Amino acid sequence: MKSLCFALAISGAAFAQDSASVRPAASGAEGSYCRGGPDTADPGNFKCRDAPLMLLICLAYQVQYYQVSGPHWLEEDGYDIDATVPARVTRAQFLLMFQNLLASRFHLALHHASKEGTVHVLVLAKGGMKMQRNEAGAPSFDVTTKEESVVVTGKRQPIGALVGFLSLKMGVSGPVIDETGLTGEYNFTLEYTPAEILTGARYKISLFDALQTQLGLKLENKRGPIDVLQIDYAEKK
């Protein structure tokens with residue numbers, strides 16, 4: 001199968017020569033991150049620090065970790081990127097440039113595939129929904145972090161906003177499908193303990209339990225097809 005990266009590489013969406021550098025991460029980096037680019041506070045500059053290739057692929061192709069199938073080393077070595085983004089480049093154009101940068105520097109080749117995996121279905125829990133319906137006031141969606149918990153607060157939000165959050169955040173390892181049948185907009189507060197600290201935390205409530213007790217919703221697991229990016233080839237830099 002022709003790789004998706006090859007098709008994009010001939011599209012002409014690329015950083016100008018010498019305007020983007022990719023190198024092994026410098027020692028002493030404080031966590032992995034990528035910042036800047038179109039639709040951010042610094043649209044003309046894009047920077048990554050100690051970012052493993054897995055993270056770079058997920059950002060460039062706008063997918064989650066569970067949607068990338070490749071060698072284990074993709075999550076190991078970190079890289080630093082500094083790139084100058086031309087003026088008036090859209091987010092979509094930037095993502096193509098980012099994809100081509102990975103294809104050029106890592107000789108990355110991949111294709112779309114489908115695999116059987118865990119699919120989370122959001123349904124109403126026994127006893128019914130506990131969120132408050134709201135069709136007035138300004139909408140907002142906030143995520144804050146406490147010492148041992150994450151608090152998600154929605155005001156005048158459709159159920160799709162919560163589904164989107166659940167699909168992206170820790171504790172949910174696959175896509176979330178909405179089968180609640182809920183329409184309209186709601187107020188809700190969801191507080192849960194991240195899975196990686198759940199065992200030793202004083203405030204112990206998993207994301208799954210919090211959904212049921214606080215919002216009257218339930219995530220049920222089933223097997224189903226998941227769209228993935230299959231890594232055909234990649235080189236360590």
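Predicted model: local features only at pLDDT ≥ 70, side-chain atom pairs only at ≥ 80, totals over all residues.
User: OK, so which residues of helix α5 are buried?
Analyst: Helix α5 covers residues 207-215, and within this helix Leu-207, Ala-210, Leu-211 and Leu-215 are buried. Looking down the axis of α5, the buried residues fall within an arc of 105°, so they line one face of the helix.

User: Why would residues three or four places apart point the same way?
Analyst: An α-helix has 3.6 residues a turn, so residues at that spacing point the same way.

User: And what do the buried residues of α5 pack against?
Analyst: They pack against α4 (159-168), and also against β11 (186-192) and β12 (217-233). The residue that follows α5 is Gly-216, which has a positive phi, near 75°.

User: Switching topic, how many disulfides does the structure hold?
Analyst: The structure holds one disulfide, formed by Cys-34 and Cys-48, with their sulfur atoms 2.1 Å apart. Cys-34 lies in strand β2 (residues 33-36) and Cys-48 in strand β3 (residues 45-52), so the pair ties together parts that are 14 residues apart in sequence.

User: Is that disulfide right-handed or left-handed, and why?
Analyst: The torsion about the S-S bond of Cys-34 and Cys-48 is about 110°, so this disulfide is right-handed.

Terms used:
Residues numbered from 1 in each chain as written. Heavy atoms only, no water. Buried < 20%, exposed > 50% of the residue type's maximum accessible area, 1.4 Å probe, protein only. Helix = DSSP H or I, 4+ residues; strand = E, 2+ residues; numbered from the N terminus. Arc of directions from axis to C-beta. Contact = heavy atoms within 4.5 Å. Disulfide = S-S within 2.5 Å.
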